[in-house]
Amino acid sequence: MKRSIFLPMVAILGFVFLYAPILSLIVFSFNESRLVTVWGGFSTRWYAQLFRDPQILGAAWISLKVAVISASVAVVLGTLAAYALMRFGRFRSRALLTGMATAPLVMPEVITGLSLLLLFVLMEQLFGWPAGRGTTTIIIAHITFCMAFVAVVVQSRLAGMDQSVEEAAMDLGAHPVRVFFDITLPIIAPALVAGWLLAFTLSLDDLVIASFVTGPGASTLPMVIFSKVRMGVSPDVNALATIIIAVVALGVAIAMWQMRRAARRDQP
């Protein structure tokens, strides 16, 4: 009896610890007062002010553009790396490729950002490209570490895939390229979507690496938020965070609805 009461209490306390700060942030985003810890009445003034802030809007656009491009390229490169590791058997430099593909997973972000900065400076001195730091260098940096996460996700899906389907297609005369696009790719499509979403989230959330490789006029949304929070939390930041939470919650709700719909459709 005690155990049946203890477990729900622990679960409730855990959820309160996780979601009470988020709930308070949402509540104070509708605060009339400029002081975020003093309730001054209900108001949506900070949302209106947020959409009139060119710095926030510009940073949001840069972050979305960087995240979409980085995630898309990372999915292509990560899938190729995972396919080479899982389908080409043992080959020379396989261990090196595995280490290079997984190194960004365990490398501290400070080290990754500093090494990429030095690389971009050296490339500019030798080749004249990239000319300075900005959106292009952020995209390259995000692709570098996002493709490692995509490779792990796709590699796990390929490991659980039945290779007899591919072998049967090749026995029937299909070219390996056609087997990949007609059979392998549709089977691993959920892993590609999961990898893209993971890469998109990591790119959108990155602060440390982007701070190293960016330059004037290319501040991402996390960098702008961090610069604002350093001087004290302002109500418009609460409004921005509430909008992001709403978008994420909507995406999770749509995903759950799609999963339930698919489960019902698959039931006999």
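These questions and answers go through a predicted model of one chain. Local features need pLDDT of at least 70 and side-chain atom pairs count only at pLDDT 80 or more, whereas totals for chains, interfaces and linings use all residues. Residues are numbered from 1 along each chain as its sequence is written, and side-chain values use heavy atoms, with hydrogens and water left out.

Reader: How many helices and how many strands are there in the chain?

Author: Helices (H or I, at least four residues) and strands (E, at least two) are DSSP runs, numbered from the N terminus. Counted in this way, the chain has twelve helices and zero strands.

Reader: How are α6 and α9 oriented to each other?

Author: Helix α6 (residues 135–159) packs with helix α9 (residues 189–205) at an angle of about 155 degrees, where axes are lines fitted to C-alpha atoms, for helices over the stretch in contact, and angles run from 0 to 180 degrees between N-to-C directions. Angles under 35 degrees count as roughly parallel, over 145 as roughly antiparallel, 65 to 115 as roughly perpendicular and the rest as oblique. The two helices, α6 and α9, are therefore roughly antiparallel.

Reader: Is Asp-236 buried or exposed, and what is its relative accessible area?

Author: Asp-236 lies in helix α12 (residues 235–266), and, leaving aside neighbours within four places in sequence, Asp-236 is in contact (heavy atoms within 4.5 Å) with Trp-46, Leu-50, Asp-53 and Lys-228. Buried means under 20% relative accessible area, exposed over 50%, and partly exposed in between (1.4 Å probe, protein chains only). Asp-236 is buried, because its relative accessible area is 7%.
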